[in-house]
Amino acid sequence: MQFLQAYLRNPAAAFGLVLLAAVLALAATAGLLFPDNPLGLAGRPLQWPFSNPRFWLGTDHTGRDIAAQIFHGARVSLVIGFVATVIAILIGVLIGALAGYYGGVIDDLLMRVTEAFQILPNFLLLLVLVAVFGSNMETIVVAIGVVSWPPAARLTRAEFLTLRNREFVQAGRTLGLGDARLIFGEILPNALPPVIVYASVIMAVAILLESALAFLNLSDPNVPSWGNLIGGGRAVLRDQWYVSAIPGFAILLTVLAVSLVGQGLNDALNPKLKNR
């Protein structure tokens with residue numbers, strides 16, 4: 001209850017929660033409102049929004065219902081963001097925990113690996129992985145997770161460096177607890193709050209990365225993602241701008257919602273802010 005009160009104390013965070021709930025509602029009701037294949041041909045191409053009561057958001061350049069793609073695309077974007085974030089956090093936490101706990105040679109080795117991943121921009125490395133392993137959705141999600149873990153590793157390492165010599169860790173060593181128990185049972189739970197907050201950043205970036213791939217026609221064309229819809233509207237962007245603008249607005253709202261929720265979590269989990 002105190003956590004919820006601290007979270008709702010921030011109006012921007014509460015607004016982000018409402019936006020995220022709206023996106024979740026789109027994903028939850030997609031199958032009910034649009035039970036047919038959202039990528040199937042539905043009508044005449046390039047009908048403007050509200051010009052036809054059957055297609056209240058219009059149709060794209062191939063005659064597919066934009067509203068159906070928006071609703072089903074919410075599922076795709078949320079799944080991509082969530083799964084890629086879980087992959088990135090798992091890799092980052094494991095590497096950061098080992099580096100921060102053991103220090104020395106292990107720390108140097110793992111941090112050099114982390115720096116090697118950070119030399120290239122995320123999107124450039126993602127392009128390489130997609131070019132090598134293919135552009136199906138499963139590969140793209142894993143690839144986004146693989147390029148997104150270094151900041152989580154550095155954050156976890158910093159927390160471990162702060163916590164590894166605390167009294168409760170020393171007491172655990174005195175009691176004979178093994179390294180695995182100390183790392184995952186004692187230190188990690190205390191190091192997770194800032195990592196959980198940063199997960200919202202990873203999720204927002206993951207949604208944007210998939211959209212960028214789709215805009216370049218490098219994403220899975222058999223998936224009704226918002227990025228694919230934006231990419232499909234490039235050829236008619238000057239005259240029928242709504243084809244790209246509508247999914248672009250959906251991406252904007254989703255990324256904004258995730259970012260505001262992350263900001264609210266940061267405020268709620270920060271003891272200094274909670275005690276004001």
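View 1. A pocket is an open set of points on a 1 Å grid over the protein atoms alone, where a 1.4 Å probe fits, with protein on both sides within 12 Å along at least five of seven lines; lining residues have an atom within 4 Å of a point.

**View 2. The centre of the second largest pocket.** Of its 14 lining residues, Leu-26, Ile-70, Phe-249, Ala-250 and Leu-253 sit nearest the centre. Helices are DSSP runs (H or I, at least four residues) numbered from the N terminus. The space comes to about 230 Å³, a volume being what is filled by probe spheres set on the points, which are joined across faces, edges and corners.

**View 3. The largest pocket.** This one holds about 350 Å³ of space. Among the 17 residues lining it, Thr-85, Val-86, Ile-89, Ile-196 and Ala-199 lie nearest the centre. Two or more lining residues come from each of α3 (66-102), α9 (179-215) and α11 (242-269), with α3 giving the largest share, seven. By class, the lining has 15 nonpolar, two polar and no charged residues.

**Notes.** Residues are numbered from 1 along each chain as its sequence is written, and side-chain values use heavy atoms, leaving out hydrogens and water. Because the model is predicted, local features need pLDDT of at least 70 and side-chain atom pairs count only at pLDDT 80 or more, while totals for chains, interfaces and linings use all residues.

How values were computed: Ala, Val, Leu, Ile, Met, Phe, Trp, Tyr, Cys and Pro count as nonpolar, Asp, Glu, Lys and Arg as charged, and the others, Gly among them, as polar.
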